[in-house]
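Me: I have a model open and would like to talk it through with you. Could you keep to what can be read from the coordinates?

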Amino acid sequence: MEKRKVGVIGATGMVGQRFLTLLQDHPYFEVAALAASARSAGQTYEAAVEGRWKMATPIPEEVKKMVILDAEDIPAMAARCSMVFCAVNMKKDEIKALEEAYAKAEIPVVSNNSANRWTPDVPMVIPEINPEHLEVIRAQRKRLGTKRGFIAVKPNCSIQSYVPALTPLLKYGIEQVVATTYQAISGAGKTFREWPEMLDNVIPYIGGEEEKSEQEPLRVWGKVENGTVVPCKAPLITTQCIRVPVTDGHTAAVFVKFKSKPTKEQILADWAEFSGKPQELGLPHAPKQMIHYFEEDNRPQARLDRDLEGGMAVSVGRLREDTLFDYKFVGLSHNTLRGAAGGAVLIAELLERQGWFD
Ligand SMILES: NC(=O)c1ccc[n+]([C@@H]2O[C@H](COP(=O)([O-])OP(=O)(O)OC[C@H]3O[C@@H](n4cnc5c(N)ncnc54)[C@H](OP(=O)(O)O)[C@@H]3O)[C@@H](O)[C@H]2O)c1
């Protein structure tokens, strides 16, 4: 199979760099175009990221000498690639306009940005949970007047640390969820070198994060009706999102109350059996086991467990009964892999296999 030529918009950033490492030697995709702001445009990738390459592995050879384009130069991007990944730090209305302009130029966009997460005909997908939401692309294409162009997005990084674990439990009627997330500094696109104030520190505020963490799960669990995604109304979710001195990996401490309380054994069996389309299709970035349960009391730990199955699995531990709620547990997921670039690559793999890019 000839590889699809893809572009990365925001290639110089934290998530953009993750994209490039994940797309190295990818069986379906080949990076053929890089874009960022006008500040980086015109430079080779190597020069543009000098002193700010944040990955543990070196810059992939094939992109080092590639010249970065201005993300606004859509004709130049369209000449080089036939879909783009997008992760940029811009104002919401600018991102919305940018993503729509690419879609209208018949370049499908798979995005990490939040700008289009509530556009009714834009699917917001965790491929194991709601792959059927991709159907709304048909209605979106009608609205945009495109044949092939569309936008698909992934949800906020925080929710991957508890939503996958809650999904197979929805059948027991989840009524209430309390989740406190302990979020890594890479979630802000930062390292300790760039953010020394985070050493020996905890910051009890991440702008906009609690609203996203409470509302986005309801859209992911929503139903497709007349070409749009209608969010579900329950469960009631309340969150606190806290920045902690961890490089990568968002942890969530979760309390949950059910209409019909399952046994601990039922929950563990549901987690062990949970899998979806990516596993069925054997997609390149699908973890073999989506949810790993740890019996040890001191797991999951960010340092030990965030890279499980290439950072695409979700780790869960400490499931026990609670005095106020029915159960409590701890979840962990890698925020720039499963929670950002990896999650987006998995969506693109599913789109590719289902023929949405053709
Ligand atoms: N980090 C995470 O864990 C995470 C998780 C999920 C979602 N996200 C989302 O992903 C996006 C990027 O996050 P990040 O952490 O990678 O940010 P980042 O490290 O600050 O990178 C931002 C990127 O956006 C580019 N950019 C800024 N202004 C631009 C403009 N006017 N036109 C085109 N490109 C522009 C930058 O290019 P220059 O280098 O040229 O300035 C850079 O490539 C954000 O929407 C964020 O909310 C991040």
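Me: How many helices and strands are there in the protein?

Reply: There are 13 helices and 14 strands in this predicted model, where helices (H or I, at least four residues) and strands (E, at least two) are DSSP runs numbered from the N terminus. Residues are numbered from 1 along each chain as its sequence is written. Because this is a predicted model, local features need pLDDT of at least 70 and side-chain atom pairs count only at pLDDT 80 or more, while totals for chains, interfaces and linings use all residues.

Me: And what is the radius of gyration?

Reply: The radius of gyration is 20 Å, close to the 21 Å that the globule rule gives for 358 residues, so the protein is as compact as a globular protein of that length. That radius is taken over C-alpha atoms, and the globule rule is 2.2 Å times the number of residues to the power 0.38. Along its principal axes the C-alpha trace spans about 60 × 50 × 35 Å.

Me: How is the protein divided into domains?

Reply: Domain 1 covers 4-156 + 341-353 and domain 2 covers 159-334, with bounds that come from an automatic or database domain assignment. The C-alpha centres of the two domains lie 24 Å apart.

Me: Which residues make up the side of domain 1 that touches domain 2, by class and by helix?

Reply: In the contact between the domains, 34 residues of domain 1 meet 29 residues of domain 2, two residues being in contact if their C-beta atoms, placed from the backbone, lie within 7 Å. On the domain 1 side, α6 (137-144) and α13 (337-353) each supply at least two residues, and α13 gives the most, with seven. By class, that side of domain 1 has 16 nonpolar, nine polar and nine charged residues, where Ala, Val, Leu, Ile, Met, Phe, Trp, Tyr, Cys and Pro count as nonpolar, Asp, Glu, Lys and Arg as charged, and the others, Gly among them, as polar.

Me: Switching to the ligand, which residues come nearest?

Reply: Of the 27 residues around the ligand, Gly-13, Ala-36, Ser-37, Ser-40 and Gly-189 come nearest, a residue being near if its C-beta atom, placed from the backbone, lies within 6 Å of the molecule or strand in question. The shell divides into 10 nonpolar, 16 polar and one charged residue.

Me: Where do those shell residues come from?

Reply: Domain 1 and domain 2 each provide at least three residues of the shell. Among the helices, α1 (14-23) and α13 each supply at least two, and α1 gives the most, with three residues.

Me: What does α1 lie across?

Reply: Helix α1 lies across β1 (4-9), β2 (29-36) and β4, running at about 160° to β1; axes here are lines fitted to C-alpha atoms, for helices over the stretch in contact, and angles run from 0 to 180 degrees between N-to-C directions.

Me: What is the strand order in the sheet with parallel pairing?

Reply: That open sheet of six strands has the order β3-β2-β1-β4-β5-β6, and two strands pair if DSSP finds at least two bridges between them. At its edges stand β3 (69-70) and β6 (151-153), each with a single partner strand, so one side of each is left without a neighbour in the sheet. Within the sheet, three bridges join β4 (residues 83-86) to β5 (residues 109-111), and Val-84 has Val-109 as its bridge partner in β5.

Me: What about the sheet with mixed pairing, which order does that one have?

Reply: Its six strands form an open sheet in the order β10-β7-β11-β14-β13-β12. The edge strands are β10 and β12, each pairing on one side only, and the twist averages 20° from one strand to the next. Helix α8 (residues 209-220) packs on this sheet, touching β7 (174-183) and β10, and its direction makes about 145° with that of β10.
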